[in-house]
Amino acid sequence: MSIRNMSRCISSLLGAVALLCGCSSGSSEIDLTVIPPGLVSDKVDLDLRYGISNQSNKSATYDVEVHAEDGLLYRDCVTVGPGDVWSYKQVIPSSTISGDKTVTLRVLSNGKAWEKAERVSVVPSESRSIHRITGAWAGICHWSEVEGKHWNKDIRNLSESQWAEMVRSMHKLGMDMIIIQEVFRNEEYVGKHSTTVENYRGKAYYPSKLYPGRMDIKSVDPLEVIFSEADKLGMKVMPGVGLFAWFDFTKESLDWHKNVAKELWNRYGHHPSFYGFYVSEESGGSLDNWEWTEEKRQMRRDEIVDFMKEFKSYCRQLAPAKPIMLATNSFGVKGAEPTYERLLQYLDILCPFGFARMPEGDISGKEAADILQGLCDRAGAHFWFDQEVFLFNEDNSLYPRDIEGIIKDLNLLDNFEKVLCYQYPGVFSDPSSDFRVGEPKTFKLFEDYQNYLNNLEESVSTK
């Protein structure tokens, strides 16, 4: 518990109960984020982020308190300049909050009060992992028509009500965090680093005011549907700030990402489910964009570090308690440790993929996971698993992976505090829905994974 500068605090939050009855939950003026959200093992730490945005034209003093049901976690009194923000990170062992609890942030300033609460569910586990997939990517369309051959036609034709049903079906499997892969598709991008903010020709999946192009999909604003339905179910959503261009972390890409992040926050930031910002560009695990010379490899590594440093600083001014996430692959990690040490200072969540298909001559997937876990631990960053729940056909199209392979990975790679999968639409389909995205075998995987969850719950309850 941190208690700082208490001499400046005049009012007590404990005496503001009557005022709190009239305050709005989820206000953009205050924010509380729990990392990781939802179910979490008692072997990991909880990262609590508190934020205040002073939206007035003069300095203001705020009394801040954070409570769990078991007692006070944090108390402070802070002064925030006009138009400025304040944020604070508090890390506590998850065992401090056992079972299902509510963490509540309360803020009082000049007779005005705000409150925001988040549920925390801490479960006993022998490792950091709880051996469940607790979130999933939901790409509006797959970026590759080849890889998305079996589901892109279906997903393009989803109506607003069907997108809402998709969110509800994810909730049935406990996949309560949704990562939207991208909010723009840059179909004209050819070659590396040829795009600029001015000549960008990408098409938006939502009614963007930044660029006129729109993706050819049935739903007018699937993002609004996803956020709204997630609000109702207590789920979380990270919109993908992208795509400018694959693996592009140049200054041009940074400027574009700032513009899109601001529009996404202004348009959807009022939703309680808005969890943070996912950078869609991805990267190889070596962080060097596969350049041929050492000079260029180092240039790309410097670019990605500079990008994340500036992007995190920018997003902090928009939403001071929201995390930034990047998904890289697990290839070529060994040798890139010095760059990760710098990068992870400006990255809240690293969520790598590809551990089950390491290239010949590389280290094993488990070794790569252990190296990255150690780097994240030392930097105070979070290490999540982007589990691939698909396999490749001979024509490189994707199809649902068998449940045995999925369970094998969940048990082998048990050091991840949170497991997300790529992706739900086209790989899982709820048999009770009146539509299907992808092949019939998507129904089977849904049922197989649901059975796995049921067996896991029975196993836990008998211990």
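How do the residues of the lining of the largest pocket divide into nonpolar, polar and charged? In this predicted model, local features need pLDDT of at least 70 and side-chain atom pairs count only at pLDDT 80 or more, whereas totals for chains, interfaces and linings use all residues. Residues are numbered from 1 along each chain as its sequence is written, and side-chain values use heavy atoms, with hydrogens and water left out.

The lining of the largest pocket divides into nine nonpolar, nine polar and eight charged residues. In this classification Ala, Val, Leu, Ile, Met, Phe, Trp, Tyr, Cys and Pro count as nonpolar, Asp, Glu, Lys and Arg as charged, and the others, Gly among them, as polar. A pocket is defined on a 1 Å grid over the protein atoms alone, as an open set of points where a 1.4 Å probe fits, with protein on both sides within 12 Å along at least five of seven lines; lining residues have an atom within 4 Å of a point. Grid points are joined across faces, edges and corners, and a volume is the space filled by probe spheres set on the points.

The volume of the largest pocket is about 530 Å³. Its lining comprises 26 residues, of which G38, R119, G234, M235 and K236 are the closest to the centre. Two or more residues of this lining come from each of β3 (38-41), β9 (112-123) and α4 (222-233), where helices (H or I, at least four residues) and strands (E, at least two) are DSSP runs numbered from the N terminus. The largest share, five residues, is that of β9.

For the second largest pocket the volume is about 450 Å³. Among the 25 residues that line the second largest pocket, W143, E282, F353, R357 and E388 are the closest to its centre. The elements giving two or more residues to this lining are β15 (277-283), β18 (382-388) and β19 (390-392); β15 gives the most, with three residues. By class, the lining of the second largest pocket has twelve nonpolar, eight polar and five charged residues.

Helix α4 also packs against another helix. The axes of α3 (residues 160-172) and α4 come within 9 Å and cross at roughly 40°, with axes fitted to C-alpha atoms over the stretch in contact and angles running from 0 to 180 degrees between N-to-C directions. This angle makes α3 oblique to α4, since angles under 35 degrees count as roughly parallel, over 145 as roughly antiparallel, 65 to 115 as roughly perpendicular and the rest as oblique. The crossing of α3 and α4 is right-handed, that is, the near helix is turned clockwise from the far one by less than a right angle. Residues E160, W163, A164, V167, R168 and H171 of α3 are in contact (heavy atoms within 4.5 Å) with P222, V225, I226, E229, A230 and L233 of α4. This contact has eight nonpolar, one polar and three charged residues.

The crossing of α5 and α6 is right-handed. From α5, S253, L254, H257, K258, A261, K262 and W265 meet F307, E310, F311, Y314, C315 and L318 of α6. The contact of α5 with α6 has eight nonpolar, two polar and three charged residues.

Most residues other than glycine have a negative phi, and most peptide bonds are trans. The peptide bond from I35 to P36 is cis, with omega near -5°, and P36 is placed in the loop between β2 (30-35) and β3. Another cis peptide bond joins G242 and L243, with omega about 15°. L243 is found in the loop between β14 (236-241) and α5. F247 lies in the loop between β14 and α5, and phi of F247 is positive, near 60°.
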